[in-house]
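Welcome! Please take a moment to look over the sequence and the 3D view before reading on.

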Amino acid sequence: LALAAVNVFVGLDASSLYLDEAFSWRAASAPVGEIAERVRTDEVAPPTYYVALHSWTELAGAMGRAFSGTVGAAAVLLVAAVMWCALTAGGARTALLAGTLAALSPLVLEYGQQARAYVFAAAAGVLAVGALMRGRPGPAGTGGLQWDAAAGAALWLHYTAALVVVPLLIAIIASPAGARARADA
């Protein structure tokens, strides 16, 4: 996690805004009632992230790279979530290897420095995977609330999260527990 933090935070203030970030700030700078329309015009995402960005800028009184610390923290959370999944799948060594690879990933670095929803959606998607690995969602399962929260958050942050959530949902439905739940309904 320290490696991820160093990778994301060192030099963070030196880079200029990405073009996509300008669209984020444009959408977030609108009055709250207009954010959904601005997002519908300029983005391919739900307005959730942009409302949060708007709220953050209202509270902090700043825009630009100041928000990137929050994004960077989400990138470290993403690495922690990858490690959690790997720990479940293969133990401590697997978690350390997966965490190191995630911490050094150029994608995690780039998304961890952009004021965009990508790193938040990725973290939520990985948490949904972890919840599914830890326990079956559903009334009798142990992962239901965690799955619901993580999968829902991922989809509310960015539509591309459906590329993770939909296959997981199919796996849940196709599982023996899912078949029993359908038969009981």
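**The model as a whole**

This is a predicted model, in which local features need pLDDT of at least 70 and side-chain atom pairs count only at pLDDT 80 or more, while totals for chains, interfaces and linings use all residues. Residues are numbered from 1 along each chain as its sequence is written, and side-chain values use heavy atoms, with hydrogens and water left out.

The mean pLDDT (the predictor's confidence in each residue, from 0 to 100) is 84 for the protein, and 85% of its residues reach 70 or more.

You will find eleven helices and zero strands here. Helices (H or I, at least four residues) and strands (E, at least two) are DSSP runs, numbered from the N terminus. Of the 185 residues in the protein, 39% are buried; buried means under 20% relative accessible area, exposed over 50%, and partly exposed in between, with a 1.4 Å probe and protein chains only. The accessible surface, about 9700 Å², belongs for 69% to carbon and sulfur atoms; such areas come from the Shrake-Rupley method with a 1.4 Å probe, and for residues only the protein chains shown count as cover.

Contact means heavy atoms within 4.5 Å. Of the contacts in the protein with a separation of 6 or more, 65% are between residues 24 or more positions apart.

**Helix α8, an enclosed helix**

Helix α8 covers residues 118-134, and its 17 residues should span 24 Å at 1.5 Å a residue; the end C-alpha atoms are 24 Å apart, which agrees. The expected span is 1.5 Å times one less than the number of residues. Twelve of the 17 residues of α8 are buried, so the rest of the structure largely encloses this helix. Among the buried ones are Y118, F120, G125 and L132. Their cover includes α2 (19-28), α4 (48-60), α5 (68-90), α7 (106-111), α9 (144-157) and α10 (162-174).

**Where α2 meets α4**

Two of those covering helices, α2 and α4, also pack against each other at an angle of about 75 degrees, with axes 8 Å apart. That makes α2 roughly perpendicular to α4, a label for angles of 65 to 115 degrees. Axes are lines fitted to C-alpha atoms, for helices over the stretch in contact, and angles run from 0 to 180 degrees between N-to-C directions. On the α2 side S24, W25, A27 and A28 take part, meeting Y49, Y50, L53, H54 and T57 of α4.

S24 also touches E43, A115 and R116, among others. The partners of H54 include P31, V32 and I35. Both lists leave out residues up to four places away in sequence.

**Four residues to look up**

| Residue | Relative accessibility | Class |
|---|---|---|
| S24 | 0% | buried |
| H54 | 9% | buried |
| A122 | 29% | partly exposed |
| L77 | 43% | partly exposed |

A122 sits in helix α8, and its C-alpha atom lies 7.1 Å from that of A154, 32 residues away in sequence. L77 belongs to helix α5; A4 is 73 residues from L77 along the chain, yet their C-alpha atoms are separated by 9.3 Å.

Definitions and conventions. Angles under 35 degrees count as roughly parallel, over 145 as roughly antiparallel, 65 to 115 as roughly perpendicular and the rest as oblique.
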